[in-house]
Amino acid sequence: MNLNVLVVDDEKPLRDFVRKNLEVRGYTVRTASNGLEALAIFQNENIHLVIIDIMMPHMDGLEATRRIRQESHVPIIILTAMGEEADKVRAFDLGADDYLTKPFGVGELLGRVKAVLRRADWSEPASSEERIVRGEIEVEMERHRVTVRGEAVDLTPTEFNLLVYLMKNAGKTLPHRTILQHVWGMEYGEEAEYLRVYVGKLRQKIEEDPYKPKYLHTEHGIGYRFEG
Amino acid sequence: MRRWFAFHRDLGLQLFALYLLLIIPFLITLLIFDGLIGVRIREDVQASDLSLAQSISQEVDLAISQALSTVEGLSVQPGVIEANTDEMQRVFSIIFSATPEVNLIYRLDANGIMVYHFPEGPGSTVGTDFSFRDYFQRALLTNQSIVSEGRISPTTNQAVATAVMPIWSDAGKFLGLIGANIRLESLSQTLTTVISNQQSEGGLQVVILDSADQIIAYPDSQFLLRPAIDIIPEQYLSNFNGASHSQIVDAPDGEERLYTHTPVSSIDWEVIVSRPTSAAFATQIILRRIVVVAAGTFILIGLFFWGTLTLRVIRPIERLAPISEAIGSNQPLSDAEQKHLQSGSKRNDQIGHLIRSIIRMKDSIAERMQEQATLLETSTAVVSSLDPETVLDRILEQMGRLLSIKMYAVIALDEEKGIFRIRASRGLSRQFTEQLSIQPTEPDSVTMRALHSKEPIQVSDTETDPSYIIRRHRARVEGFRAILAVPLNTQHAPPTALLVFHPTPHVFTQNEIQLLTSFANHAAMAIENAMLYERSDMRLREQTHRLEALVQSLHDGLILSDLNGRVIYANKRVGELADLSTKSLTGLHADQILARIITRTADKTNKRSDAQKLLNKKGERKIEVSLSQSDRPVHLRLEVFNVNDEDGAPIGRGIFFHDITADRELDRMRSSLVSTVSHELRTPLAAIKGYASTMLADDVEWDRAAQHEFLTIISDESDRLTNLVNNLLDLSRIEAGSLKLLREKCDIKETVHNAAKQARLTQKNKLEIKIKEKLPVLYADPPRLESILRNLIENAVKYAGEEAGIKVEVDRNGKDFHFRVSDDGPGIPAGESQRIFESFYRVDDSLARLTSGAGLGLAICQGLVRAHGGRIWAEPQETGACIVFSIPVKSGTKSNHHKKIRKKTSQ
């Protein structure tokens, strides 16, 4: 499968490092040195994955992410030198799927790239069931469609996968680690903040009052539970 | 205990006790003596009475015994036994004449019939039966002679007692008896004789009683044969028991008498001697009277002395005590006390003397008190003001009042001119007061002498006093003859003295001087107080001014309000914050000002209500608000605090507007620095880690060229990291002011090229370097200069893009070299060109963070340029950005030896 990856970074050495490693492993890589360039390329070509640095001249990674997310569910990995949780949360809020903190090695890069692409592969969660209904929430597996109180809700692949996983295990309290490994991939396990952000986004989309959740319950220090 | 104290306190009691101590032993002695004498006298009287009674008893006994022996003798006469009348006549007549006390001798026959009696006439009772007589009955039973009871003889009609002898025949037949009547009167005569012998003892009474207690003998014959009870108290009679004894008993007529009796031994008769106790114990009674009189006299004398003592000495002294106490405590005396003193003072004795001296003391105390009161009053008046002029005025006013003088003055050192001048005066001519000036060195001036000796000095007559000769003229003109100078004991005020003038020669008395000296002490105090107050007042005002200036120039705002919230004080900063003039703030309500300030916050509604809550809360509270003032953000921390007085009671409220903008900025910069540094370091690290891990990955085999490329990048990035770290160190040294430049001759061309080489230009970038010919030698720190240029070129690449054209120009402008780095990129946004050099400032803080580390780079550039003595700025141009920095042209080098060190360190 020929996948197109867009790598955006203002630092040439880093950009080249990512490009070379992906190209040698069979990906087609396009590069950009700032957000504006990246958007231009994204709009003209079929991109399957975006790897983007935050701090860049002219248009930074977060703004670019936001704009890409407005028109596409393409997986986005953020590169950041900050490592501060506030920045990660902001990246997730704007629609990033994952992030890598500089410096990172080839192994991490490839692991995240694969995991993100796997989650984005819509066929993966398709299973025996065709439809799952819990309370007012209805999920059509085949069409990746989610209806809440009769209205269609737009979810990213990761959000969709997370919701399906939680709904399938409705009533059980699922530990952070278990959820992360099932939804994000086996490489994950410690990234509890991912869950916090995603559960928050899901609540915004499916709960009537996100601050008094009816379906998605937090078990402090343990994990989450879906009630339906 | 209390009595003991009372005794010790009371002189009267003590004297009384002393008197008793003297008199009681004397009286006791008298009483004992009286008792002893009394017993003696009683014993003597009793003994003499007893002996008298006994002698009478013996005499009676003798008479009776004679009668008895007579009748016993007759009873054996045959003529008598036979009752022969003739014989009996003969015998009886013989016996009769021999015994004068017998007045009748007779013979009764066995039947008690009178046979014969002698003398026979006048009334014969021959033939009369006397068998009823007691002696006849008793004679029938005995052959002994007996004595009958006393009775009246029918034959002689006289009181008699009869000696009787029964006559018995040899055959034992009773033949009758023979009796001889003893005339009781004759016994009584004996008694009368005895009594007349005892004439000295008045009231002596002697009685003889027979066994039937009839009076047998008594000087008064009327009482004969009457019962004893008529003259002897029954009480005494009932106590007879044979033995003789004495007793004092009241006689029937009520008189107390001493009775003594003794029995007559041969017959059952009693002799009783009695005499009135008054007579018997006359000596004792006289003695006792003497004792009583003596005791009474002593007591009377004692009482008299005591009374006199009390009245004349103790009472006056007692009354003097409270008076002298009252005088001591200066209390008014009552009328009675006055009168007492008055009358007491007339006495000539010691008490009078004492009272007179007390009166003198009282007058002198009153006088002194009056003086002190005046002094106190005047002193109080003097010290009641703190204004120096008023104080002087008062001093003069009160001096006149105190001493009733007309001319006086206060003289003091004029510190500026160094001479003594009159500061204020009364009754002196203007000419005198204005012209009088005394040099402190004048030795014989009265004022100076007083001030030097610190004692009052007087000249009692200016005409005669030799020390006053020079000034005599002055005195004559002014019209005074005596002068007194009293120094004031001042420490903080200039030396001062009081001067008193007298128009006539006058010796100022000790009292006057003393009074004036006391007054001078108070006056000195008043002057000093006024002086110190003036100074402290000035100091306080100065301090207040300073404090106010300080508060006014505070960068922080301060409002002080009263308890109702009305503003008492607000400083300039508050005016600026509230956009009001500082003056108009006072009187406003603190809430109004606060509301006005808060109106300018970013989120008004919340802050306003928060601030309102803050004001309404009790105790210390804080809130932070952010305002914009002149389009600049201002962060304030409002702190409300209670203003309390010394006791902790609230008297108002303060609001402090602490400007924390700088703190906030610093905080922001600090966190910005950390994240910037972190980012700057991570960027090269990311490349290093990335390529190293790429080469280590097992799944891909890289060719040699690629490997070489990767290692080159790793090496370059490591250098970049090193540079970065050095730059950071430089930056921190710049911030700390400890950066030391090593200036040396610097090849401009080489430096620029080196910088360009390291600046990560892409192949598409077009770099143009223009260095003016014939530039002077540049002395600079080459690595630092290189850093500046590299940073600027890197920034140009970053912002203008990888295909941008970059131009580096160097030329000279006056005394400076100018380095210019420009690009053809989008340029610097308008209004940002000044701020981009602020440390860690990034052009936009919000979403579009344009740069990665540009702030740090420019900040480093600026620091290094300034360290070289130059400056850096952004120069506006039509397209792209242009940063220019200047380095002054300087001749010579300071430190060649640094070169070596430098080379070593850079290796």
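**Exercise 1. Two helices of chain B**

Determine how helix α2 (residues 11-75) of chain B and helix α9 (residues 282-328) of chain B are oriented towards each other in this predicted model.

*Solution.* Step 1: two packed helices are described by the angle between their axes and the distance between the axes. Step 2: the axes of α2(B) and α9(B) come within 10 Å, and they cross at roughly 175 degrees. Step 3: angles over 145 degrees count as roughly antiparallel. Step 4: α2(B) and α9(B) are therefore roughly antiparallel to each other. Step 5: the residues of this contact comprise 18 nonpolar, six polar and two charged ones.

**Exercise 2. Confidence in chain B**

State the mean pLDDT of chain B, and locate stretches where pLDDT stays under 50.

*Solution.* Step 1: chain B has a mean pLDDT of 80, with 92% of its residues at 70 or more. Step 2: over residues 841-853 of chain B, pLDDT stays under 50, and the model has 32 contacts beyond four places in sequence for this stretch. Step 3: residues 892-907 of chain B also stay under 50, with ten such contacts. Step 4: for the model, the scores are ipTM 0.80 and pTM 0.45.

**Exercise 3. The make-up of chain A**

Describe chain A by its helices and strands, its buried residues and its contacts.

*Solution.* Step 1: chain A contains eight helices and twelve strands. Step 2: of the 228 residues in chain A, 45% are buried. Step 3: among the contacts in chain A with a separation of 6 or more, 56% are between residues 24 or more positions apart.

Methods
Residues are numbered from 1 along each chain as its sequence is written. Chains are lettered from A and ligands numbered from 1 in the order in which they are written. This is a predicted model: local features need pLDDT of at least 70, side-chain atom pairs count only at pLDDT 80 or more; totals for chains, interfaces and linings use all residues. Helices (H or I, at least four residues) and strands (E, at least two) are DSSP runs, numbered from the N terminus. A residue is buried if 20 or more other C-beta atoms lie within 10 Å of its own, exposed if 12 or fewer, and partly exposed in between; C-beta atoms are placed from the backbone. Two residues are in contact if their C-beta atoms, placed from the backbone, lie within 7 Å. Axes are lines fitted to C-alpha atoms, for helices over the stretch in contact, and angles run from 0 to 180 degrees between N-to-C directions. Angles under 35 degrees count as roughly parallel, over 145 as roughly antiparallel, 65 to 115 as roughly perpendicular and the rest as oblique. Ala, Val, Leu, Ile, Met, Phe, Trp, Tyr, Cys and Pro count as nonpolar, Asp, Glu, Lys and Arg as charged, and the others, Gly among them, as polar. pLDDT is the predictor's confidence in each residue, from 0 to 100.
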